[in-house]
Structure formats: C-alpha cells, structure tokens
Amino acid sequence: MSKDNTALALRRKEQITVYLPASIVSDIPHLREKTAKVGVIGRALAAYRVENVVIYRDKGSRRQDGIFIAKVLEYMETPQYLRKHLFSISRELKFAGILPPLRTPHHPLTSTIAELPKLSYRDGVVLRSTRSESFIEAGLDRLLKLNMKLKKGSRVSVVITKDDGRLKVQLMEREKIPLYWGFKVLFQDQSLPEILSSNEYDLVIATSKYGADIRTIAKEISSRWKNSTKIALLFGSPSRGLYEIFAESSSDLLRYAHYVVNFIPEQGVETIRTEEALFSVLAILNALA
C-alpha cells in the first residue's frame with residue numbers, strides 16, 4: 001500500500017477563491033512571526049481544499065507585504081522535493097523552516113518508483129530537455145522521461161501508470177487531476193473592488209461582524225452554494241472590515257457581494273484575527289456544502 005493513501009482528498013466540484021488583504025502582516029514587526037501567521041493561513045487553505053488565494057492591497061499595507069505573503073504561500077504549496085529547484089535564497093523565506101507541512105495529495109511521501117501504486121500523479125520540474133525528450137525531477141529515485149520538449153525549469157504535473165513492470169509517464173493538466181492539487185497564489189497590487197470588477201463568480205460571500213447572522217441564512221447559503229461552480233470568499237483585516245475597505249475605494253460592498261455574513265455571532269473577543277476567521281468560515285461552509 002502506498003504511504004500516500006491517507007491523503008487522497010478529492011478535488012471540490014466548486015472552485016473556491018479566497019481574497020485576503022496584504023495588511024494582515026503589516027503590524028507584525030518580526031519576520032519569523034509574519035512567516036508563522038502565513039503558515040496558519042496556508043494550512044487553512046489546504047485543509048478545506050481552496051483552489052485559489054488572491055492577496056489584495058488595502059490601506060495601510062505595503063506592496064512588499066503582499067509579495068511576502070504570496071511568496072511564502074507559494075513556497076508552502078510547492079512539494080518539498082521541488083523547492084530547491086524553484087526557489088532561490090531570499091529574505092522572505094528566511095524562516096521557511098518553521099512552516100508546517102501541508103501533506104496534501106501533491107505532497108507525497110513515496111520516494112521510489114517501486115513504492116508507487118499502479119496509477120499516481122506527481123508534480124515535477126523539467127531539469128533538462130532535448131528536441132524530443134524532457135527529463136523530470138519528481139522526487140523519485142530516478143528522473144522521469146517525457147517524449148516531448150518542455151521548457152527547462154518549468155513545473156509540470158504528470159500521471160504515472162505501472163503495467164507489468166513498465167512505466168508510462170504522461171503530461172497531465174493540473175485542473176484535470178481528480179485529487180485536490182493545492183492552491184494557486186496571486187498577489188494583485190490593486191484594491192479589492194478593482195479586482196472583483198474584472199472577475200465573475202456565481203456566488204460572492206463577504207465576511208463581516210456587521211453582516212447577517214449565519215444561523216439565520218445557513219439554509220439559503222447552502223442551497224446557493226450547491227448550485228455554484230465559482231465561489232469567492234472575501235476577508236477584511238482585524239483593523240478594518242470590508243465595509244470600510246470598500247468605502248476607502250468609494251465603493252459599496254453590497255454591490256459586489258451576494259451575502260455579507262457574520263460567521264461568528266456573539267464573538268467573545270473584540271476582534272477576530274484573519275487567520276482565525278479563515279478557519280472558522282471555511283469550516284462552517286464546508287459543513288453546509
């Protein structure tokens with residue numbers, strides 16, 4: 001039995017995109033604590049099978065904050081055996097060693113071809129290529145060969161089949177892999193209303209302590225969720241909620257969100273940290289889906 005059978009979580013039928021403000025690390029002075037905070041966020045995204053995370057600029061954040069969050073999340077999402085090929089030493093990753101492992105299906109423990117099941121998927125990086133062949137580092141005891149020319153240094157996904165000792169490797173589109181295959185990260189140096197104006201979703205849910213009590217609209221959201229394929233979840237920062245963030249851009253939150261929801265009614269603390277809200281909201285919606 002493969003070591004990785006415990007992590008064969010299927011991809012969601014709906015695609016979830018989470019929007020987070022760059023300011024979530026702005027008030028943290030030390031790089032180690034910033035890294036730890038982003039690590040918690042990465043775990044939440046992976047635990048609830050989020051497909052995309054977008055970091056947006058809000059008032060009080062610096063462009064560098066968004067770049068930092070995105071880079072740390074990208075590093076977390078990358079399988080361990082590929083990190084040295086895809087990331088160079090940088091200040092942002094100085095404390096990457098404290099990041100928790102994700103243990104998602106695309107972070108396998110198997111390291112030899114003999115251990116692979118009859119059908120498996122892997123991510124790899126192209127180490128070298130000729131006119132007709134490419135050689136892929138996929139965290140195994142030998143390189144995988146693809147009969148096509150691919151760009152050196154590019155990250156690819158492959159499907160591996162074993163039949164009577166013969167190994168067959170084929171290129172696979174990430175989106176067609178039936179398992180949860182991690183999250184894509186994007187930092188956009190724009191305000192949240194600007195970003196949402198250029199994207200379309202079946203369902204947009206904004207989180208706010210001034211929103212409707214989740215207990216009163218849970219059934220309605222559950223029904224809408226089950227009939228949606230592209231869903232956006234919007235989060236503000238502890239210092240400024242979404243109503244204020246939208247007002248700063250002379251925009252109205254209610255024009256963009258189908259629902260504004262208080263997911264933690266009667267909260268016992270003055271402010272909920274973004275990483276706490278992320279875990280809470282995703283857990284509730286996971287139960288309603």
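**Rings, charges and surfaces in the predicted model**

With a relative accessibility of 17%, Y121 counts as buried, because buried residues are those under 20%.

A pair of aromatic rings is described by two quantities, the distance of the centres and the angle of the planes. The count of aromatic pairs comes to 5. One of them joins Y48 and F279 in an edge-to-face arrangement, with 6.4 Å from centre to centre and 80° between the planes. Y48 sits in the loop between α1 (31-47) and β2 (52-56), while F279 belongs to helix α8 (residues 274-288), so this pair ties together parts that are 231 residues apart in sequence. Y48 has a relative accessible area of 18% and is therefore buried, whereas F279, at 31% relative accessibility, counts as partly exposed.

Y121 now returns with its partner, W181. The centres of these two rings are 6.3 Å apart and the planes stand at 75°, so the pair is again described as edge-to-face. Y121 lies in strand β3 (residues 119-129) and W181 in the loop between β7 (166-171) and β8 (184-188), which means that the pair ties together parts 60 residues apart in sequence. W181 counts as buried because its relative accessibility is 1%. Y121, at 17%, is buried as well.

The structure holds 19 salt bridges. What is the N to O distance in the salt bridge between D58 and R240? The side chains of these two residues meet at 3.2 Å. The pair links distant parts of the chain, 182 residues apart: D58 is in the loop between β2 and α2 (63-77), and R240 is in the loop between β10 (230-234) and α6 (242-248).

D163 and R166 meet through their side chains with 3.8 Å from N to O. In this pair, D163 is partly exposed because its relative accessibility is 43%, and R166 is exposed because its relative accessible area reaches 56%. R215 and D213 form another salt bridge, in which the closest N and O atoms are 2.7 Å apart. Here R215 has a relative accessible area of 55% and is therefore exposed, while D213, at 22%, counts as partly exposed. Salt bridges can also join up: E77, D123, R155 and R174 are linked in a network.

K37 is part of helix α1. Is K37 buried or exposed? Its relative accessible area is 13%, so K37 is buried. Setting aside neighbours within four places in sequence, K37 is in contact with I24, V25, I28 and E275. E220, in turn, has its place in helix α5 (residues 214-226). This glutamate is partly exposed, because its relative accessibility is 45%. Although E220 and S237 are 17 residues apart in sequence, their C-alpha atoms are 26 Å apart in space.

S154 and H85 are 69 residues apart along the chain, and their C-alpha atoms are separated by 9.6 Å. Which residues does S154 touch, not counting those up to four places away in sequence? They are G124, V125 and V126.

The tour ends on the outside of the model. Y210, Y243 and L254 make a nonpolar surface patch of about 350 Å². Of these residues, L254 is found in helix α7 (residues 253-256). L254 counts as exposed because its relative accessibility is 52%, and the exposed class covers residues over 50%.

Note on methods:
Residues are numbered from 1 along each chain as its sequence is written. This is a predicted model: local features need pLDDT of at least 70, side-chain atom pairs count only at pLDDT 80 or more; totals for chains, interfaces and linings use all residues. Side-chain values use heavy atoms; hydrogens and water are left out. Patches are made of residues with over 30% relative accessible area and no salt bridge: like charges are joined within 9 Å, nonpolar side chains (Val, Leu, Ile, Met, Phe, Trp, Tyr) within 5 Å. Accessible areas come from the Shrake-Rupley method with a 1.4 Å probe; for residues, only the protein chains shown count as cover. A salt bridge is a side-chain nitrogen of Lys or Arg within 4 Å of a carboxyl oxygen of Asp or Glu. Helices (H or I, at least four residues) and strands (E, at least two) are DSSP runs, numbered from the N terminus. Buried means under 20% relative accessible area, exposed over 50%, partly exposed in between (1.4 Å probe, protein chains only). Contact means heavy atoms within 4.5 Å. Rings of Phe, Tyr and Trp (its six-membered ring) pair if their centres lie within 6.5 Å; planes under 30 degrees apart count as stacked, over 60 as edge-to-face and the rest as tilted.
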